[in-house]
Structure formats: structure tokens, C-alpha cells
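This report describes selected features of one protein model. Please consult the sequence and the structure shown below while reading.

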Amino acid sequence: MEQISMFDVMEEREHTAPLASRLRPETLDEFAGQKQLVGEGAVLRRLIDRDQIPSMIFWGPPGVGKTTLASIIARTTHAEFINFSAVTSGIREIKEVMARAEEGRRMGRKTVLFVDEIHRFNKAQQDAFLPFVEKGSITLIGATTENPSFEINSALLSRCKVFLLQALSKEDLVSLLKRALESPKGFGYLQVEISDDLLEKIAEFANGDGRSALNTLEMAVLNGQIQGDGHTLVTEEVLAQCISRKSLLYDKKGEEHYNLISALHKSMRNSDPDAAVYWLARMLEAGEDPLYVARRLIRFASEDVGLADPQALPLAVAAYQACHFIGMPECNVNLSQTVLYLSMAAKSNSAYAAYEACKADAQNTLAEPVPLVIRNAPTKLMEELDYGKGYRYAHDCPEKMARMQCLPDNLKDRQYYRPTEEGCEEKIKKKLEQIRKWKES
């Protein structure tokens, strides 16, 4: 039997480990993208080069280098570096690590603690870090794909510097892919033939995610056609088989959820039907609940269209019912029709503004009495107390309205509803002006 040495195993692992793992940069010069943070003279690069790492949070989408930056810091810092996972660790593990760090602090040794997916820690687990960050027992580096404002305790967040990592550009990804083909750690030991056009297609498919780009390249190379001279050819047909339906970045409970619904709402408000339908498609194709979108359209119909087009609200409600009846994917066209209608409808926020204008008055005048003239008088006692005295039934009046004060005394001159001149509200505005003038006469 042939004996396999440790070096044979290590050599084999070098080529069997995932490409993204084999190519993980070890220095900032090898790092792809994020020049605004780690380029020459950038603030984070200076901190790393000086080994003056503060507690910080790396925030960005998947595959942009958050964990890689932490590993580079681990190689350059003179502090003890501890890698910690929020997925597999609990309070007990946190306390054990903190005890080690505190002991190191008393001996004059620094500890850098990296917590991957720190947003997965609950409030109690995050609180366990706080006293040790405050007194300097640890320098905390957290990595998260979620908005730290929502997912990190404010007390802990205030003691950390947040660095925003951006999705890698197409150029960054193509450069990364070429390095993977040339590097001995990547496919440098093979002769891989792949056109620049296909590398650009991989970069576009990866959508800013370096790990996804490398995984796709690896699959394409491993499925490539081995030619007579031994080199591997990656064709467009091979790549097409390796690229499945793109997974859209979307978290129905996270920041991207609110970013996209905000984009849809503001595109409709700005009467931009092309952008509005695009953001609708982004949400639905990523798996958003169509009933959630329909509920937001109902809100929009009153908040941003209102009486400028009274048909907007019934249409939005009908869209909700259609989504409820037939579901996805068939209801996407119902939502598309409604989004297009709302985008092109006359706009008025007068209903929203009227309510907002009187909300504060309503909250501050909870004890303001209802004028006697418009109170009901179902009992004899109420009649004797002048409930309803002077009330005139509007339908009995020639003008179909009466000169009665319906607001409380302290608010009798308030005007909350201010119609615009858009769509149907132009007529409403003229009528309201006539009504107010008649009541004042």
C-alpha cells in the first residue's frame, strides 16, 4: 500500500478546497474592490497598517470582502485574534472568550475579536460584549449584511466605527476572475481558455458578489471541454448550463425590503411608470408577498393621489382582491396595471396633509366639547340641555347645507383640507371656495 504523506494531503487540499477559499487574499494589495476604504491613503488602510484597529462594524452585501478584511487584519495585527461565529456561539461561549480577553488585558495583551454575522446575536448576547468593549478588553470587529441601525444595539453601535463595503464593480469582478485563472492557488496549474466576453457575463451574473463570481467560474472550468492538447475550453454553452436563475439580493424583513418599497412608492409619486414597474418586478421576482405590495398601493392611492383621481383607491382595492384570488405569478399583471395607473394618475396629497394637519390638534384637544348644535338628543334631558338646538338638516335647505359651526369653539377658524388644482380636485377646490365664502357671508 502506498503511504500518503502529510504534504501530499496538503497539496491535494490546495486544489480541492473551494476556489473562493483558495484565493482568499492575504494582503491589502491582493484585496479586490473597496478602494474608498483600503486604497492607498484611505482611512481603514492606514489603521490596519499602523495596527491601530478600533472597534468597528463591516456592513455590506454578501461576497464583498467583510470576512476577508478580518482575516487580513488577523495576519497583520500583533494582538491575539479570535474568530467568533454568531451562528454557533451563545452566551456561555461569549463569557469564556471575554474572560480570556480580560486576563490578556491585565497582562498587557490586546485581543481583537471578529464576530461574523453579528446581526444574528440577540440583544442579551450583544450586551455581553458591551462592558469589555468599553474598558478596552477587546477590540470588536463585527460583520453584517443587515443595516446596523436596525440590528445592532445602539449602545454597542455608538462605540464602533461603521465601514460600508460596496458591491464589487464589474471591473473588480473581471479582475478577480482573471487572477483566479492565473494564480497557482486558483487555476494557474491548468490551461484554461475562456473569452473576455464570458468573464464579463460571469461578472454581470454575480451582481457585485465576489464569492458568487468565483463559484460560477469554478463550475464552468470543472465542466469545461478538455481539448487534445490538454487545455480546458469554456464555451458559451458550458457557461449557460452553469448560470441558473439569478438570486436577487432581498431580505423581506431587512433593509433591502424597505429600500425597494420606498423606490416603488417614490417612483409612482414622481409619475415614472418605467421605474415603478421595474421596482415592482424586483420585489415580486425576489419573492415578496404580493398582498404586501397591494396593501402599499392602497395606501398610496389615498396618500399621493387622493381626490385628484377618486378611482385610484377602488382600483387599488380591486388589485388586492385580485392578488388574493389568484396569487403569484398570475397576479403580477394586476399589480403592474395598478402601478402604471397610479404612476400616471393626477397627484394630490391633500387627504394625507389634511389628516396630518389636524392630528396634533386632535391629540391636544381631546376634551374639547362637541358643539351643542351638532349633538344628538335621544332623551328629554338632553333636549332640555340644548343638545341639538338650532340644528338644521342640510337636505332641507335650498343650498343643501346650513351655516352651522361644526368645529369646537377653539378651532372654529381652522382649515385643514386644502385641495390642489390637480385632476378632479380642481372642481373640488372651486366648490369648497364657494362653500366657505357662502358660510362666511
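Which residue in E5 is the bridge partner of Ile 57? The bridge partner of Ile 57 in E5 is Val 162.

## Basis of the model

This is a predicted model, in which local features need pLDDT of at least 70, side-chain atom pairs count only at pLDDT 80 or more, and totals for chains, interfaces and linings use all residues. Residues are numbered from 1 along each chain as its sequence is written, and side-chain values use heavy atoms, with hydrogens and water left out.

## The five-stranded sheet

Five strands form an open sheet with parallel pairing, in the order E2-E3-E4-E1-E5. Strands (E, at least two residues) and helices (H or I, at least four) are DSSP runs, numbered from the N terminus; two strands pair if DSSP finds at least two bridges between them. Strand E2 (80-85) and strand E5 (161-164) stand at the edges with a single partner strand each, so one side of each has no neighbour in the sheet. On average, neighbouring strands of this sheet are turned by 15° against each other, direction ignored. For such angles, axes are lines fitted to C-alpha atoms, for helices over the stretch in contact, and the values run from 0 to 180 degrees between N-to-C directions.

Helix H6 (residues 91-106) lies across E2 and strand E3 (111-116). The helix runs at about 175° to E2.

## Strand E1 and its partners

Strand E1 (residues 56-59) runs parallel to E5, and four bridges join the two. Along this pairing, Met 56 stands opposite Lys 161 in E5. E1 is also joined to E4 by four bridges, again in a parallel arrangement. There, Trp 59 has Thr 144 in E4 as its bridge partner.

In a regular strand the side chains alternate between the two faces of the sheet. In E1, Met 56 and Phe 58 point one way, Ile 57 and Trp 59 point the other way, and all are buried. Buried means under 20% relative accessible area, exposed means over 50%, and partly exposed lies in between (1.4 Å probe, protein chains only).

## Thr 139 in strand E4

Thr 139 belongs to strand E4 (residues 139-144). This residue is buried, with a relative accessible area of 16%. Not counting residues up to four places away in sequence, Thr 139 touches Ile 53, Pro 54, Ser 55, Thr 111, Val 112 and Leu 113; contact means heavy atoms within 4.5 Å.

The axes of helix H15 (residues 273-285) and H16 come within 10 Å and cross at roughly 150°. That makes H15 roughly antiparallel to H16, a term for angles over 145 degrees, while those under 35 count as roughly parallel, 65 to 115 as roughly perpendicular and the rest as oblique. In this contact, Leu 280, Met 283 and Leu 284 of H15 meet Pro 290, Tyr 292 and Val 293 of H16. The contact residues divide into six nonpolar, no polar and no charged. Here Ala, Val, Leu, Ile, Met, Phe, Trp, Tyr, Cys and Pro count as nonpolar, Asp, Glu, Lys and Arg as charged, and the others, Gly among them, as polar.

Ala 263 is found in helix H14 and counts as buried at 17% relative accessibility. Its C-alpha atom is separated by 6.6 Å from that of Trp 279, 16 residues apart along the chain.

## Salt bridges

Side chains of opposite charge can pair when their charged atoms come close. The structure holds 16 salt bridges, each defined as a side-chain nitrogen of Lys or Arg within 4 Å of a carboxyl oxygen of Asp or Glu. Arg 269 forms one of them with Glu 303, the closest N and O atoms being 3.4 Å apart. Arg 269 lies in helix H14 (residues 255-269) and Glu 303 in helix H16 (residues 290-305), so this pair ties together parts that are 34 residues apart in sequence. Arg 269 is partly exposed at 38% relative accessibility, whereas Glu 303 is buried at 14%. Both residues belong to a network of salt bridges that links Arg 269, Arg 299, Glu 303 and Asp 304.

Another salt bridge joins the side chains of Lys 359 and Glu 356 (3.2 Å, N to O). These two residues are three residues apart in helix H19 (residues 350-364), so about one helical turn separates them. Lys 359 is partly exposed at 31% relative accessible area, and Glu 356 is partly exposed at 32%. A further pair is Glu 40 and Arg 45, with the closest N and O atoms 3.5 Å apart. Glu 40 is exposed, with a relative accessible area of 69%, while Arg 45 is buried at 10%.
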